[in-house]
Amino acid sequence: MAAVVLLVTVLGLVAMRPRELPRNPGLSVLLISIDTLRADALSSYGNTKVRTPWMDRLAKTGVLFAQAHAHNVVTLPSHANILSGQYPLTHTVRDNTGFRFPKDQETLATLLKARGYDTGAFVSAFVLDSRFGLDRGFDLYDDSTAALDQQSPFKVPDRVGTETVARASRWIEERGDRPFFAFVHLYDPHFPYQAPEPFASRHREEPYYGEVEAVDAALEPLLKPILEGSRGDRTLVILTSDHGESLGEHGESTHGIFAYEATLHVPLILRMPGVSSREVQAPVRHIDIVPSVLDALAMKPLKEAPGVSLWSLALGARPAEGFSSYFEALSSSLNQGWAPLRGLFDGRHKYIDLPLPEIYDLPEDPRETKNLAAREPELLHRMRASLARERARDRGVKRGEEDTATLERLRALGYIAAAAPAEQKDVYGEGDDPKNLIEIDTRNRAVVTAFMQGQIDDAITLARENLRLRPNMAGANLQLAYLERARGNLPAAIAAARRSVELKPLDPEGLALLGAYLTEGGRPREAVALLDPYVKAAALDYDVVTALGLARVALGQIALAREAFETARRLDPGNAMGFVNLGTLSLMSGDRVAALAAFLRALELDPKTAKAHNTLGVMAAQEGRMDEAIDHWRKASDLNPRDYQTLFNLASTLDRMGRGGEAEPYFRGYLKAAPPALESRDIERVRRRLAGSAIQ
Ligand SMILES: [Zn+2]
């Protein structure tokens with residue numbers, strides 16, 4: 001009897017056996033990644049509160065993978081996985097900062113470029129800036145995010161999805177019938193949740209869902225020609241997200257610390273001409289995307305890639321045996337010195353390797369509430385062994401050899417304290433487990449909220465309390481440094497930035513900030529001593545080279561400063577601020593024509609560069625063109641309402657021109673933004689002016 005049943009099943013499978021995949025070497029490829037999008041936020045994934053009509057229509061005419069997993073929970077490493085088809089163990093990008101995608105690693109862009117495709121990328125957040133190395137292979141890498149001159153540890157510069165989509169659609173339109181590969185990254189669902197209307201009003205209680213609806217609507221110009229026009233017949237579309245969002249689950253408010261399903265489970269939809277729609281329940285992975293694209297285009301599979309083509313599943317075949325998906329969340333280990341999180345999902349059990357280990361039976365316990373680790377020692381042992389086998393291929397979290405030399409130089413300069421740097425610790429206890437530290441993350445978030453509401457003193461008090469609870473957090477020290485600088489307390493800012501560099505000596509962000517504050521605090525010589533060895537020894541970083549240039553400027557070493565700024569420009573040619581720095585230098589050496597050209601170039605690259613407007617305003621004022629000056633300053637202060645120097649220039653010039661009424665709001669803005677410790681004299685003058693007397 002059993003044999004008969006088996007035979008019938010086999011025959012049934014043969015009868016239902018789908019057609020071959022209609023491979024097509026000339027297909028165009030559109031890869032859409034939506035940052036921070038939970039799988040269960042789409043109506044096609046079962047959400048009943050959210051309307052996502054465009055993504056749903058894509059799902060209805062494509063293959064929806066109900067159980068797709070990411071391998072990282074932050075943006076840059078996850079996109080490196082999606083684009084390369086490799087685990088972070090291999091491509092070695094482990095966090096958003098301090099890592100660069102390797103020059104010898106193939107990606108969809110390099111592979112399709114080699115095939116003669118037109119290749120274009122359109123990204124919406126600084127985290128995917130070309131400087132991090134994912135731009136290789138793209139003819140066009142459009143990463144201009146607004147207002148890089150207002151970068152802070154609190155907010156990643158980004159642009160809205162509608163703008164990114166407009167640029168991508170235009171580029172696709174221009175391709176005509178040529179095959180293209182377009183990578184389009186939208187950032188809207190990322191915190192802070194500030195969706196436009198009507199989406200915001202529809203989700204007052206859960207503003208995240210407003211962003212999800214907004215990003216769905218933003219996709220219309222990209223998806224309409226696919227779903228309604230002829231483009232759908234010659235384009236393979238892949239839609240996924242880099243990671244989800246916790247929304248308070250397991251105590252995590254956003255993403256980046258844990259690797260529960262809230263952030264690891266992602267949507268994945270493939271739409272291929274000639275493949276009918278289907279919902280696949282078998283688990284799949286981000287690293288399977290590249291093999292699937294290559295398969296669809298009848299290209300050779302990648303050598304030594306861990307992923308597999310998903311088309312047999314998409315065409316109805318049964319899943320192969322031996323599924324496994326590696327994942328990690330290393331940011332809080334690298335930035336704050338917490339225990340590193342790594343894990344493995346075998347299609348049923350999910351193992352999270354931490355000082356307090358966790359195992360969940362996902363089909364039984366999808367919300368991960370019953371930890372089986374203590375109850376099932378055999379299972380724990382088996383999962384640990386599987387993870388160890390996967391990790392045997394790890395090329396390391398540490399940076400290259402050249403950085404060892406840099407570390408030695410920093411040690412000689414006294415920058416590496418007695419306490420071992422966080423990232424070199426190799427034994428972690430329960431106290432380092434992120435589950436025991438998630439409270440601190442919530443508190444760190446309160447610091448950000450206070451800062452964004454303009455309550456800098458409160459933010460500093462909260463930040464200091466957090467550091468009392470757990471002092472060795474490089475990232476939290478960096479935030480404190482930024483806050484102290486905003487309050488005008490440079491010595492305190494320098495002390496906090498120094499502590500951050502001690503804890504994480506090779507972090508370009510910390511080095512650049514400390515260097516900049518030393519220069520600002522009248523100690524440019526120390527800044528050069530700090531940054532010069534780094535620039536000589538290690539892989540060059542735009543921010544570090546720029547900070548070195550600014551220190552050279554302060555020392556009057558104009559030629560060396562220019563050398564540094566030119567290097568920075570080569571590292572990131574599309575960066576508007578690079579031209580602002582070169583322009584400022586030209587202005588200092590009296591070359592007003594070169595300065596003007598540089599500032600205009602900066603505005604061409606990014607019309608929202610406040611600093612370029614401010615300096616063009618100063619130049620116009622010096623040359624007596626007051627209306628033009630006022631026009632630039634107004635733009636600068638609209639773009640950056642906290643730039644007190646611009647506000648002062650604008651207000652006092654309007655005042656002198658007899659336009660006191662217009663000046664007053666800007667004077668008041670100045671009083672709000674100016675740090676008392678640096679601006680006490682002008683603050684007093686402005687107060688008197690607003691009280692009725694004329695300004696001298
Ligand atoms: Zn992301």
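Predicted model: local features only at pLDDT ≥ 70, side-chain atom pairs only at ≥ 80, totals over all residues.
Start at the metal. Four protein donors hold the zinc ion: Asp-35 through OD, Thr-75 through OG1, Asp-242 through OD and His-243 through NE2. They lie 2.1 Å from the zinc ion. The angles among the four donor atoms run from 98 to 121°, and the site is tetrahedral. Along the chain, the donors follow the spacing D-x39-T-x166-D-H. The pair Asp-35 and Asp-242 links distant parts of the chain, 207 residues apart. Asp-35 sits in the loop between strand 1 (28–34) and helix 2 (53–60). Asp-242 sits in the loop between strand 6 (235–240) and helix 10 (261–264). Both of these aspartates are buried.

Next comes helix 3, residues 75–84. Thr-75, a zinc donor, is among its buried residues. What covers them? The cover includes strand 1, strand 5 and strand 6, together with helix 4 (88–91), helix 5 (108–114) and helix 11 (289–296). After helix 3 comes Gly-85, with a positive phi near 70°.

Strand 5, residues 180–186, has been named as part of that cover. Is strand 5 itself buried or exposed? Seven of its seven residues are buried, so strand 5 is largely enclosed by the rest of the structure. In a regular strand, side chains alternate between the two faces of the sheet. Here, Phe-180, Ala-182, Val-184 and Leu-186 point one way. Phe-181, Phe-183 and His-185 point the other way. Both sets are buried.

Strand 5 has parallel partners. With strand 1 it pairs over six bridges, in the parallel sense.

Four strands form an open, antiparallel sheet in the order 10-11-12-13. Strand 10 (325–329) and strand 13 (358–361) are at the edges with a single partner strand each, so one side of each has no neighbour in the sheet. Neighbouring strands are turned by 15° against each other on average, direction ignored. Strand 12 (residues 349–353) and strand 13 pair over four bridges, in the antiparallel sense. Ile-352 stands opposite Glu-358 there. Helix 14 (residues 377–391) packs on this sheet. Helix 14 touches strand 10, strand 11 (341–345), strand 12 and strand 13, and its direction makes about 70° with that of strand 12.

Finally, check the backbone. Most residues other than glycine have a negative phi, and most peptide bonds are trans. Which places depart from this? The peptide bond from Phe-191 to Pro-192 is cis, with omega near -5°. The bond from Glu-197 to Pro-198 is cis as well, with omega near 5°. Pro-192 lies in the loop between strand 5 and helix 7 (199–202), and Pro-198 lies in the loop between strand 5 and helix 7 too.

His-250 has phi near 55° and is in the loop between strand 6 and helix 10. At 30% relative accessibility, His-250 counts as partly exposed. Glu-304 has a positive phi of about 55°. Its place is the loop between helix 11 and helix 12 (311–314). Glu-304 counts as exposed because its relative accessibility is 75%.

Terms used. Residues numbered from 1 in each chain as written. Heavy atoms only, no water. Donors = N, O, S within 2.8 Å, 3.2 Å for Na, K, Ca; no water. Tetrahedral: all angles 85-135°; square planar, octahedral: opposite > 155°, others 65-115°. Helix = DSSP H or I, 4+ residues; strand = E, 2+ residues; numbered from the N terminus. Buried < 20%, exposed > 50% of the residue type's maximum accessible area, 1.4 Å probe, protein only. Pairing = 2+ DSSP bridges. Axes fitted to C-alpha atoms, helices over the stretch in contact; angles between N-to-C directions. Contact = heavy atoms within 4.5 Å.
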